[in-house]
Amino acid sequence: MSADLLWLVLAGVGAGLVGSMTGLASLISYPALLAAGLPPLVANVTNTVSLFGITVGSVAGSQRELAGQGARLVRLIPVTAVGGAIGAALLLSAPAGVFELVVPWMVLLGAVLLLLRDRIRVWSARHSDPHSLQPDPHARRRRGAWFVALLGMGIYGGYFGAGAGVIALALLSIERVEPLAVTNAVKNVATGAANAAGSIGYVLLAPVDYRAAVAVMVGSLVGAFIGPAVVRVVPETPMRWAVGVCGIGLALYLAAGALG
């Protein structure tokens, strides 16, 4: 194995570990592909294809958390998959400049939502009466807005993806109260669906570097399998704040790149 491919396998392990825990895999894998000599567009599409290993590895390592989540995933996967396909189409057909200016704000919004999760839950509880026999007149509207936001996350995930997991984790954390490990496992499946849909388009139409993609995919599968076990034992609040702060850092980094 050449030094470049070994480097990409190791980067894939780190990306899989970080991605399955926080959703920031591309923060490691994308720069590694650039460092290996791939042009930015090739690195981007290769990165999207390669990180499907995170979905496989994290699902295999999260069987405990995903038990009983089947009906929920059946609702989520089509939405994020359609978004991923739209995102891939945008990357291959639309000017990159405009979308790249929006991307940092999307990541920043996801990070802030994640940090303010508990306050948002309190606000939502205050504006609904759980003891009322009448249906909440705003529930359908909130649900629709949540699915639109999830679709937007899928579009972003198919287009570029760095920080898509932060946005998904925030949306899923607001949706219901549950252990972070469960939310994180569902997040990995939701973002994986967007990633898979985008990857199909890239495999058919984009200049994917398959040697690099396989190297990162092998590493990310291993890292992602380990990640859920780590999430089970890490305290929830520090973990959530670490992801949120890293998400804000990523948003600033992407903003600097788009404006520079």
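R176 forms a salt bridge with E175, with 3.5 Å between the closest N and O atoms; a salt bridge here is a side-chain nitrogen of Lys or Arg within 4 Å of a carboxyl oxygen of Asp or Glu. R176 is partly exposed at 30% relative accessibility, where buried means under 20% relative accessible area, exposed over 50%, and partly exposed in between (1.4 Å probe, protein chains only). This is a predicted model, in which local features need pLDDT of at least 70 and side-chain atom pairs count only at pLDDT 80 or more, while totals for chains, interfaces and linings use all residues. Residues are numbered from 1 along each chain as its sequence is written, and side-chain values use heavy atoms, leaving out hydrogens and water.

E175 also meets R143 in a salt bridge (3.4 Å, N to O). This pair joins distant parts of the chain, with E175 in helix α10 (residues 164–175) and R143 in helix α9 (residues 139–159), 32 residues apart; helices are DSSP runs (H or I, at least four residues), numbered from the N terminus. A network of salt bridges links R72, R143, E175, R176 and E178.

The whole structure holds 5 salt bridges. In one, the side chains of E65 and R232 meet at 2.6 Å, N to O. E65 lies in helix α5 and R232 in helix α12, 167 residues apart. E65 is buried, at 8% relative accessible area, whereas R232 is partly exposed at 30%.

Helix α5 is also among the elements that cover the buried residues of α4, as are α11 and α12. Within α11 lies S199, which touches T48 and V49, residues up to four places away in sequence not being counted; contact means heavy atoms within 4.5 Å.

Methods:
Helix = DSSP H or I, 4+ residues; strand = E, 2+ residues; numbered from the N terminus.
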